[in-house]
Amino acid sequence: MEGIASGNVLVMLPLRIVETDRPEFDEPVVELWRDDEFVGMVFWDGEESIVQIYPGGAGDVHDIEIGDLLRVLDLAARIVTPLDQQPDDDGGEYLQAFNEGVPDGEWDEEDPATSALTAEFDSSVVFRAEDGEGFFNRDTALEIVERCEQLGLAVIEVDGFDLEGAVLIPRAELGLVISAPGDIGWGVRAAAANAQVRSALEAWPSRPSLVAALLIQQSDGESFVA
């Protein structure tokens, strides 16, 4: 059984994915890792996506939280699936529903998903700089990542700071910038970016002074700070 013991509770380490190219596969292969241990891989066999789970280093079974496994497998399947067989998951259905009943022209100046996100989290900001950039505690930042997934947005950069009074102290080791190839669908790119940012935030230290600044990208390529 794998995880970190905390009292009588076993806290499971989250899975992370690593996209690789292997000569024996035409499509990318996604490796599944927990910390520094290889768990398995997902690949396209010509007709469908396949997952292989390997035993632990000592031959033990892998205990994996179901929600984490489903999240990672959904993302991995979208990465390995060829473009011509990708589902239409670019957030269009959400935006169509979001716009129902909205007067024509109301969203001409701002993406409706962006408007929804900023309106929802504006009051949760811990500190806002003079230029308008917001800083959020880790739990709120994770909620923003989850909401971005629902809205068809992608968190493409996260920077960590310690907030001491009104002074922000940069923590470069906690920063993450996502760089994804432009030749894959927006839904896959957004999901991959959000998954990487979520994993990074979950690994942050738990001290209350830590805050996060987030750069978010829309499906049209425009980006904004939370």
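1. Leaving aside neighbours within four places in sequence, Glu31 is in contact with Arg16, Ile17, Val18, Thr20, Arg22, Phe38, Gly40 and Met41 (contact means heavy atoms within 4.5 Å). This is a predicted model: local features need pLDDT of at least 70, side-chain atom pairs count only at pLDDT 80 or more, and totals for chains, interfaces and linings use all residues. Residues are numbered from 1 along each chain as its sequence is written, and side-chain values use heavy atoms, with hydrogens and water left out.

2. Glu31 sits in strand β4, residues 29–34 (strands are DSSP runs of E, at least two residues; helices are runs of H or I, at least four; both are numbered from the N terminus). Glu31 is buried, at 13% relative accessible area (buried is under 20%, with a 1.4 Å probe and protein chains only).

3. Which side chains make polar contacts with that of Glu31? Arg22 does, at 2.9 Å. Trp33 does too, at 3.0 Å. A polar contact is a pair of N or O atoms within 3.5 Å; within protein, one must be able to donate a hydrogen and the other to accept it, and residues adjacent in sequence count only if both atoms are side-chain atoms.

4. In helix α4, the buried residues are Thr140, Ala141, Ile144, Val145, Arg147, Cys148 and Leu151. They cover an arc of only 165° around the axis, so they lie on the same side of α4 (the arc is that of the directions from the helix axis to the C-beta atoms).

5. Now the ends of α4. Asn137 caps the N-terminal end: a side-chain oxygen lies 3.3 Å from the backbone nitrogen of Asp139. Gly152 follows α4, with a positive phi near 75°.

Note on methods
Buried means under 20% relative accessible area, exposed over 50%, partly exposed in between (1.4 Å probe, protein chains only).
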